[in-house]
Amino acid sequence: MAFPRELAIFPNGLQAGFPIPGPPVRDEIETLYMTTYSAVVRFLYRKVWDADRAEDLAQEVFVRAMRHRPEKPRAWVFAVAANLARDEARAAIRRRKHLTLLSTEPTQRHQVEPVGEENVDHDEKMEKVRSALAQLTQRDRDVLLLWDAGLSYPEIAEQSGLAVGAVGTTLARARKRLIEAHDRSELEQKRNHAAQS
Amino acid sequence: MPLNPDALRHIPEEELHAYLDQALSRSQCVEIEHHLSECTACRVERDGIAALRDRTTALLVAAAPRRMRPRPFTEVSATHLERQHRRSTRIRTAAWAASIVAALGLGWAMSRATAPVVPAPERQAAGPATPAPTPPRMASAPPRRTTTAQSTPEPKPASPPTLHLAGLPVTPGSDSSRPTAPARPATSELASMGGAGTAGEPVLDGMWRTVSWDNAQSEADNWLPRVEGVPVVQVKVRRSQQGGRPLTLVTQQLASGEMISTVEGPSPEVAVFLSRQRGQSASAELQDMQVGSRQADSTAGRPASPGAPPRTLAIFGSAPSDSLKAFMLRVK
């Protein structure tokens, strides 16, 4: 039955065609928000590499979900998140070009929080993962991140345009390359340390 | 399946990934597990892939924000509602501002056609407010033949009044018959696709001239339809394609700053004009206008032009159609 979904929070009323006050059932998007918010933020963060921006974009994803009421909400939010991240990346490139036009100075990373020992450690690890991810092809990276976000093979296939059978192959390659790239950079770092001391 | 495990094909790497990712069907899993139980090489391979998988997951865990500040869901729904509101407001504004063509088309058999010289005023004097109402007619209704009167003037407005709507085909009276003057009240719907671009500003097509009030008055036979008691901002006149009385467009500004415009002219031209007003469809009731008498007055003494097309009077602007209907009643 095609009732306005807005009424769906009152299932009793839904039957009758008009809302009867009853115990409101949690909106499905709210449930989705509760269960996938952090996965969406992580997914976005691995694309935009800015925590605040990732959270803003995640918020945007769910606001849009409220409007669109997607049929497959989980897959939908990650698809929209990927699109937003892509737009964001394009905008960032434009900004960077603009900045280089304005000044030749390298853009400085702003550090908002005081950096503690733990944070340095975290940042170092993250930097390695980031550069390892950057060495993957776009497709391998996308599939890997979607898998890590919790999407199933068929969902990943749909979003990446791969055949379901190809998802395993792509994931196998992506995992291997990520680890290889990461180990390479660790090795280089050790060598550099050794050379310094 | 061969019985000798060595002869079995080894499980491809990607299949082991899919197996560990639980992306295989139950039967595929059974098959793989059966093979694993008998093939050491594949078991080693599987353990290697499991370790690779775990390391990948562990690495990716590091690639996450140090902390998240999830906002309450109410913020999401508030933003959603706000946008929804803005969207609907935008649509409403468009539907509104973009000239709700409350086309109160009041067609009337233009009385300029009537009685060559004297009779019209006399008739009006006899009973300006007494014409019998025509039953409501829908704009989509087929055009009805204008009731005509004999050229011999009648002492009373005995003939039934006529109503023409914008866009209705016109059956002009034959030479011997003329439409009677007093157009009479009726209520009808006129649906019109259109709407001005911005806040009630009419979209002008053709050669409109801005004229002074006095000039417009004289060009329009001393009858410029307008809403009484509302300051007139602009008067524009366009020559009618059929000659004779021009199209007049009187724009007035309400106290609220919104503009409303009254357009009057031959029905087909007014209909075209209204359709140019970009925007939404609007409908309005045709009102009991009692303009027949004015028409008659204004054209008294003019040579008859037999078979003159009906004319339409419409109001449109950035006001709700209800207001426009109310304004229609105040048209002088």
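In this predicted model, chain B holds an open sheet of five strands, arranged in the order 4-5-6-7-9 with antiparallel pairing. Strand 4 (208-210) and strand 9 (311-317) of chain B each have a single partner strand and stand at the edges, so one side of each is left without a neighbour in the sheet. From one strand to the next, the twist averages 20°.

Within this sheet, strand 5 (residues 232-238) of chain B runs antiparallel to strand 6 (residues 247-253) of chain B, and six bridges join the two; B:Val232 stands opposite B:Gln252 in strand 6 of chain B. Helix 7 (residues 267-276) of chain B lies across strand 6, strand 7 (259-266) and strand 9 of chain B, and its direction is at about 145° to strand 7 of chain B.

| Helix of chain A | Residues in the contact |
|---|---|
| Helix 6 | A:Arg139, A:Asp140, A:Arg141, A:Val143, A:Leu144 and A:Trp147 |
| Helix 8 | A:Val167, A:Thr170, A:Leu171, A:Arg173, A:Ala174, A:Arg175, A:Arg177 and A:Leu178 |

Sorted by class, the contact of helix 6 of chain A with helix 8 of chain A comprises seven nonpolar, one polar and six charged residues.

Technical notes:
Residues numbered from 1 in each chain as written. Chains lettered and ligands numbered in written order. Predicted model: local features only at pLDDT ≥ 70, side-chain atom pairs only at ≥ 80, totals over all residues. Pairing = 2+ DSSP bridges. Helix = DSSP H or I, 4+ residues; strand = E, 2+ residues; numbered from the N terminus. Axes fitted to C-alpha atoms, helices over the stretch in contact; angles between N-to-C directions. Contact = placed C-beta atoms within 7 Å. Nonpolar A, V, L, I, M, F, W, Y, C, P; charged D, E, K, R; others polar.
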